[in-house]
Amino acid sequence: MLPVIWTLFALSAVGGFIMVAAYWLDIQDRRDLSFRRRVAWSAGTFLFPLTIPLYAFSAGAEWPAFLRAAAFLPAFALVLFFAFLFGVFT
Amino acid sequence: MDAATERARRTGPREVSVAVDGRWRAMWIGNRLMVKLLFDVQADGLELWPSAPFCLVVNHHNGWDPMLVMAVAPGSPRITWFGPKEADFSRGFKNRVMAFFGGVIPYDPEKTTLTSAVRSVRRVFAAGGVLGIFAEGQVGFRESELLPFEEGAVAFSASAAVPIVPAAIVGSTFLWFRRHVRIRFGEPISTAGERDRASREALERRVRAALQELLPEEEPRLPRRRPLRFLGDLLTGPDDLARRKAALGE
């Protein structure tokens, strides 16, 4: 079981990094948002496990279903990371 | 590192191979997976391709264009692209990738001799490969119009008497996640016997008309929201982006 979980962790970590970058770059292109909102969403990168899904499902982002699903990857990777850290998988 | 390898790293591959080897297969599969994940690419008229060698004459809107064409083209015959104006293939991610996988004939009128470029093109045709060439020689910003053609595409094909396949990429001027891009291939145009200047000019007009026919009649309307719009500018050079900004007043 452990090799499967490690593989899942590795894939979701890589995917998570890509999603953080995609989220940040997409915010920079949002000319329809006010400067303050753009700064706020950009600062939200520090809380990425929450802000990316929130942004993906917010009305303005209009992300397609595939991206919306992928928006949970960073949070999923983080959950697995802490599970490893606290010895849940032994 | 010997002198020849060092020179190849700087100036791009000298020996143009059209062999469908493992490295090419890996690149073709990787490119297909990535492009089809990011964009919704469809091809029309692939069945019109003649047997190789031939010259694929394509319109140009974006740095992604060669990858979009390769994502819908079969793995064999291998396409060799003419014309990236790279000064140093040992610097920058995109240049290093191009140098590693090969399949490009670099040409910059200020730095490359035409003779060496022509020699490479002849090698591609002699080996039964496909030469891909962006006939306009630079990036255009309108989906329904073509810029004036450079001489290369028609001259290379006519001198080797290989057919020209016009191909129009529709929808790549502005790309975003899952953007619908259509690649339309036209009927092959014979170049046999088109040796003198007048007949080459007539041939160029025919190729241009065939390519124009594959383009949409009017500019597509862009949606208000384009998710992951930055994807479209990832592979376009800063000069082209600045020209687009000036031309379209972005």
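Biologist: Which residues cover the faces of β5(B), and are they buried or exposed?

Modeller: This is a predicted model, and burial is read here from the number of neighbouring C-beta atoms, with 20 or more within 10 Å counting as buried. In β5(B), B:V130, B:G132 and B:F134 are buried on one side, and B:L131 and B:I133 are buried on the other, so that both faces are covered. Because five of the five residues of β5(B) are buried, the strand is largely enclosed by the rest of the structure. For the chain as a whole, 38% of the 250 residues of chain B count as buried.

Biologist: With which strands does β5(B) pair, and in which sense, parallel or antiparallel?

Modeller: In general, strands of a sheet pair through backbone hydrogen bonds, in either a parallel or an antiparallel manner. Here β5(B) is parallel to β2(B), with five bridges between them, and B:F54 stands opposite B:V130. β5(B) also runs parallel to β3(B), to which four bridges join it; B:T80 has B:L131 as its bridge partner.

Biologist: What is the strand order of the whole sheet, and which strands stand at its edges?

Modeller: The sheet of chain B is open and has seven strands in the order β1-β7-β6-β2-β5-β3-β4, with mixed pairing. At the edges stand β1 (40–44) and β4 (104–105) of chain B; each has a single partner strand, so one side of each is left without a neighbour in the sheet. For β4(B), there is parallel pairing with β3(B), residues 79–82, over two bridges, and B:F82 lies opposite B:I105.

Biologist: Which strands does helix α6 of chain B lie across, and at what angle does it run to β2(B)?

Modeller: Helix α6, residues 152–160 of chain B, lies across β2 (54–58), β3, β5 (130–134) and β6 (164–170), and it runs at about 170° to β2(B). Chain B has eight helices and seven strands in total. Of its contacts with a separation of 6 or more, 79% are between residues 24 or more positions apart.

Key
Residues numbered from 1 in each chain as written. Chains lettered and ligands numbered in written order. Predicted model: local features only at pLDDT ≥ 70, side-chain atom pairs only at ≥ 80, totals over all residues. Pairing = 2+ DSSP bridges. Contact = placed C-beta atoms within 7 Å. Axes fitted to C-alpha atoms, helices over the stretch in contact; angles between N-to-C directions. Buried ≥ 20, exposed ≤ 12 C-beta atoms within 10 Å, placed from the backbone.
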